[in-house]
Amino acid sequence: FSINWGVRYELVTPYVEKYNRISNLDLNSNITAVRPVSCADPSACIGVVIPGQVGPFSGSLPQSLLRADTNNWAPRLGIAWRPLRRGGPVVRAGYGIFYNGSIYDQIYFSMVRQPPFAQATRHVTSATQLLTLRNGYPPQPPEAVLNTIAVDPNYAVGYAQVWNLTVETPILSNLLMEVTYTGTKGTHLDFLRAPNQARPGPIIGADLRRRIPGAPDFTFETFGADSIYHGLQVRLQRRMAHGLRFQFLYNYSKSIDDASAIGLMAAGGQTGIVQDDTNFAAERGLSSFDMRHQFRAWYRYELPFGERQRWLRSGWASTVLGNWKLSGNTTIQSGTHFTARLSGVQVHGIGSFFAQRPDQIGDPNDVPDGERNSFHFFNTSAFALPPQDRFGNAGRNTIVGPGLVTVNLSLGRRMRFGKDDRYRVDFRWEVGNLFNHVNFTRLEVVTGSATFGRVAGGGIGMRTMDLVMKVYF
């Protein structure tokens with residue numbers, strides 16, 4: 001029995017800009033007022049606070065505009081145990097905490113591209129201010145808030161707790177089986193909100209339905225999302241014996257979270273912004289990368305012909321058929337998950353881009369056998385437009401995407417020639433996607449579009465064959 005343990009402390013401080021050219025929005029606790037917090041030259045901005053001074057709602061702010069997270073303790077523990085004195089199974093277990101300090105790279109990349117150092121405006125036509133080609137960018141009052149990005153000044157770095165338990169045991173003299181359970185719990189994960197988006201309704205008068213009048217539909221990056229992953233892996237490994245060795249891996253897993261990606265983009269190019277800022281529970285769902293089953297195999301077989309082999313050890317047959325090796329790999333896995341979205345036209349331009357979802361009135365994965373194809377991959381009739389005055393009730397990642405099947409093989413031989421076999425020729429015939437299986441990737445998930453329900457892309461290409469020869473001299 002052995003145990004290794006320790007503790008790690010991480011301190012990753014927020015960035016500062018040499019000339020204070022970063023900008024943030026300071027929100028009050030109930031999100032009814034907002035003020036810009038930035039400006040290298042106070043005389044050039046109205047109502048803003050220089051970094052390092054006092055924010056109207058958050059109090060004293062450092063030059064970075066974000067307070068450092070100084071509580072990142074990361075304990076680590078590892079255990080190994082052999083219950084029997086000789087041979088038998090080996091039990092291993094471990095636990096650790098890991099922090100995501102690199103999040104500051106993305107946060108500050110957006111904070112340096114905000115007013116007053118960059119201009120970004122978004123206008124929605126209304127009864128009192130109709131937008132025309134002549135007046136597409138009307139002047140804004142000096143007190144108007146033009147920033148489109150806000151970051152929680154008390155932003156806490158997200159972390160993951162990872163634990164595992166493994167039992168490894170020999171089955172035969174050259175065959176080993178390993179069973180591993182792994183769990184991962186994400187805490188303080190990135191949460192991208194849109195607290196000032198207009199409530200659903202007609203496009204005319206949308207600005208009147210915002211929480212904060214005079215402010216745009218900005219995104220608010222904060223922490224608070226979490227995730228949970230459970231996975232069971234079985235590994236069967238055969239060491240080289242009688243010319244054969246292989247390794248088989250099977251994974252069964254499930255992952256649930258509130259947000260599957262850090263920042264704006266999630267898997268498949270889908271936005272990761274909260275749909276309804278008053279209903280965070282609606283964001284709970286399967287992770288976009290969740291994959292229920294996965295089987296992978298690697299194998300190598302030395303054909304039993306030729307010198308030092310079982311048959312045809314000499315003669316012309318040995319010269320022709322000897323020393324050939326067959327190797328390959330196979331991957332079979334179920335699909336990841338996708339979220340149905342509403343287009344900007346369907347939500348009348350209100351809300352974050354492609355962040356709103358339709359109503360779900362059926363099972364999108366209920367497609368009769370024989371009817372699923374690249375033009376009709378999931379049940380599009382399972383979704384409908386919600387009423388104009390509310391958000392859709394469809395959950396995140398309710399559409400199971402296409403799986404993947406691929407088999408690659410290689411047949412090769414090594415030959416030596418010349419005095420004392422000084423020279424060598426390696427010949428290899430490689431076949432990719434042996435069975436020419438069609439593998440799809442992305443899906444069209446915008447309801448109402450002409451391509452809704454279709455496959456949008458392919459993964460591994462068609463079958464390919466390559467002949468490779470290398471001469472060493």
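The largest nonpolar core in this predicted model has 18 residues. Helix α1 (103-111) is one of the elements that supply at least two residues of this core, and α1 gives the largest share, five residues. A second, separate core has 12 residues. The whole structure holds 15 salt bridges. Two of these pairs tie the loop between β10 and β11 to the loop between β12 and β13.

**Nonpolar cores**

- In soluble globular proteins, nonpolar side chains tend to be buried together.
- In the largest core, the residues with the most contacts inside it are Leu66, Tyr99, Tyr104, Ile107, Tyr108, Met111 and Val151.
- Strands β7 (90-99) and β8 (149-151) each supply at least two residues of this core, as does helix α1 (103-111).
- The largest share comes from α1, with five residues.
- Tyr99 also touches residues beyond its neighbours within four places in sequence. These contacts are Glu10, Asn71, Asn72, Trp73, Ala74, Val157, Gly158 and Tyr159.
- The second core is separate and includes Ala340, Phe377, Ala394 and Phe452.

**Serine 410**

- Ser410 lies in strand β20, which covers residues 404-417.
- Its relative accessibility is 13%, which is under the 20% cut-off, so Ser410 counts as buried.
- Ser410 and Gly432 are 22 residues apart in sequence. Their C-alpha atoms are 8.6 Å apart in space.

- Most residues other than glycine have a negative phi.
- Leu65 has a positive phi of about 70° and is not a glycine.
- Leu65 sits in the loop between β5 (59-60) and β6 (72-81). With 1% relative accessibility, Leu65 counts as buried.
- Asn436 also has a positive phi, of about 55°, and is not a glycine.
- Asn436 sits in the loop between β21 (423-432) and β22 (464-472). Its relative accessibility of 34% makes Asn436 partly exposed.

**Salt bridges**

- Side chains of opposite charge can pair when their charged atoms come close.
- Asp276 and Arg199 form a salt bridge through their side chains, at 2.8 Å from N to O.
- Asp276 is in the loop between β12 (244-257) and β13 (285-286), and Arg199 is in the loop between β10 (175-193) and β11 (219-241), so this pair ties together parts that are 77 residues apart in sequence.
- Asp276 is buried at 10% relative accessible area. Arg199 is partly exposed at 36%.
- Arg211 and Asp277 form a salt bridge, with 3.4 Å between the closest N and O atoms.
- Arg211 lies in the loop between β10 and β11, and Asp277 lies in the loop between β12 and β13, so this pair joins parts that are 66 residues apart in sequence.
- Arg211 is partly exposed, at 32% relative accessibility. Asp277 is buried, with a relative accessible area of 7%.
- A network of salt bridges links Arg193, Arg211 and Asp277.
- Arg292 and Asp290 meet in a salt bridge of 2.8 Å, N to O. Both of these residues are buried.

Key: Residues numbered from 1 in each chain as written. Predicted model: local features only at pLDDT ≥ 70, side-chain atom pairs only at ≥ 80, totals over all residues. Heavy atoms only, no water. Core = buried A, V, L, I, M, F, W, Y, C linked by side-chain atoms within 4.5 Å. Buried < 20%, exposed > 50% of the residue type's maximum accessible area, 1.4 Å probe, protein only. Helix = DSSP H or I, 4+ residues; strand = E, 2+ residues; numbered from the N terminus. Contact = heavy atoms within 4.5 Å. Salt bridge = Lys/Arg side-chain N within 4 Å of Asp/Glu carboxyl O.
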